[in-house]
Structure formats: C-alpha cells, structure tokens
Amino acid sequence: MTRPELDIAIAWAAAEGWNPGLHDADCFYLADPAGFLMGFLDGEPIASIAAVQYGDGFGFIGFYIVKPGYRGQGYGFALWQAALDYLQGRNIGLDGVVAQQDNYRKSGFQLAHRNIRYQGTAPATDATSRCVSLASISSNLVIDYDRQFFPDERGEFIQKWGSHPAHYAVGMVHEAKLVGYGVLRPCEQGYKLGPLFADGAAIAAEIFHTLVAQVPVGELFYLDVPEPNSAAVALAQQNGMTYVFETARMYTQTAPNLPLDNIFGITTFELG
C-alpha cells in the first residue's frame, strides 16, 4: 500500500467495528512501509492485510479485511498467502477472532493465550500521580524498556507511538530507571490504553489512573489485556470495566517468552 491506501484499510477497519485510533496510520506505516498489502480487482481496492516485519526474526499480521461482496471468492486467501510469503522464515504472530482459530491453525498458527478487551466509562477524578511525560524520558531508555515486552526490535515505531502529538504518554521512573509506561490514544469511539507495561501491579495501577484521568468524563475507554495476567484482569474489573470481546494470540513458532505478568495492556491488536 501507499500511505493514502492505508487510510482506506483504516476506514474498512472502522466499518468492521474494530475502532481504530484516529492517528494509527501515521504510526503504523512507519513500522514497515513495505508490510501493508492491498488487493485490487479491476483497479478497485477490495482487500487489505498488514504483514509487518520487526527486527530480523519476527512478524505480525493484522488488518486482514475483504470488502463485503467480495468475500468467499478466494481474494482474501491470495492476499493472506502474499503476507505469509513476505514474512517467510520469521516467527509470525497475530490476534485473531476466536472463531477463526481453526483456519489459522491450517496455516501453522498455534494458540498462545487469549487477550481480552475491557471497556470502561471515564469517571471524574482528581488523582495525583508520580508519572511524568514520556517525552521527558530518554527515548533510548523507553526503547530499551519496551524491548522486554515485544518479541523483536520496534524502536522507531514505539518512539513515534509515544510522541505523536494526539497521544498522551507517561512513564514512571524510580532511581533513574524506567519502571513502567503507558500510552492513551483517541479512537473512532472513545480512547484506548496501550501499551501499559509495568514492573508490578501497583505501578500499573498508577499509570492506568493517570491515563484514564485524561479521558473526558463519561467517555468510553478500552484496555486489551493478556488473560494469563490475573493482576491486569483484576485492574480492569476493579475499575468497573466490562468484557467486550476477546482475541486469540497465536504464533507460527514457539510462543516468545514474554513477561506477561508485566504486560497490563497490549499495544494494538493490529500490530502486536
């Protein structure tokens, strides 16, 4: 895709109810400009997929959409195969709807864990916080910290994600060491928190409340948590958030050994 064509895929995602961020395309395209594919029929765009390469050994698939009216005719599968070809030799991850797990297994994907999306309504709050703007923290420190929670290098993307002027990003520093950070972004509907990484539940909760305090009172906000992190599930539930839906995190090779107990919010279902 060209950069404007990614806007088309974002619009399709919105029509599917995926609730993309208002500025996702700016950040997503930077992750891997060659990793966004679009299928055309007689010059008309009819299908999209993201197959983003990270570092030397990882890839992530998302934005797999075929326009209504063109489904069930093999067009999507052709694009799917092109995505797998582009990521050949890498461990590939995806967050797929649970109903499609069996189809993904046919392409070699295996379930690692469930991710759960929670929805909340922003309360009135005057909470104080020890968090600081992520922009005030060395970008190298942020990139090094983020690297613990992702299967491969994604420094350029995460720097753009945390510094976009429409995003609200904070971190917590203890004894000159970054111990957690989170990003809030406006979406088609409400706001999403992600990522939310922290060295423990108490730090995660403080970052969570700092981000939620930026959401206008009464607006919806969302948090995507890996189900194995019981503290993350508890954080969402204790703050009145309710289950919306879930995805299946799957990989083609052995699941990366990520510290799920410190992942309180996934960055994005589309790019990992």
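Biologist: What should I keep in mind about the model and its numbering?
Modeller: This is a predicted model, in which local features need pLDDT of at least 70 and side-chain atom pairs count only at pLDDT 80 or more, while totals for chains, interfaces and linings use all residues. Residues are numbered from 1 along each chain as its sequence is written, and side-chain values use heavy atoms, with hydrogens and water left out.

Biologist: Let's start with His113; buried or exposed?
Modeller: His113 counts as buried because its relative accessibility is 11%, where buried means under 20% relative accessible area and exposed over 50%, with partly exposed in between, using a 1.4 Å probe and protein chains only. His113 lies in strand β5, residues 110–121, and strands are DSSP runs of E with at least two residues, whereas helices are runs of H or I with at least four, numbered from the N terminus.

Biologist: And which residues does His113 touch?
Modeller: Not counting residues up to four places away in sequence, His113 touches Pro226, Pro228, Thr247, Ala248, Arg249 and Leu260, a contact being heavy atoms within 4.5 Å.

Biologist: Switching to α8, which of its residues are buried?
Modeller: In helix α8, residues 230–238, the buried residues are Ala232, Val233, Leu235 and Ala236. They lie on the same side of α8 because they cover an arc of only 155° around the axis, the arc being that of the directions from the helix axis to the C-beta atoms.

Biologist: What do the buried residues of α8 pack against, and what sits on the face turned away?
Modeller: The buried residues of α8 pack against β5, β9 (191–198), α7 (201–212), β10 (220–226) and β12 (263–265), whereas the face turned away from the buried side carries the exposed residues Ser230 and Gln238.

Biologist: What happens just after α8?
Modeller: Just after α8, Gly240 takes a positive phi of about 75°.

Biologist: Now Phe221; where is it, and which residues is it in contact with?
Modeller: Phe221 is found in strand β10 and is buried, with a relative accessible area of 2%. Leaving aside neighbours within four places in sequence, Phe221 is in contact with residues including Tyr118, Leu193, Phe208 and Met241.

Biologist: Last one: which residues meet between α5 and α6?
Modeller: Ser139, Ile143 and Asp146 in α5 meet Gly155, Ile158 and Gln159 in α6.
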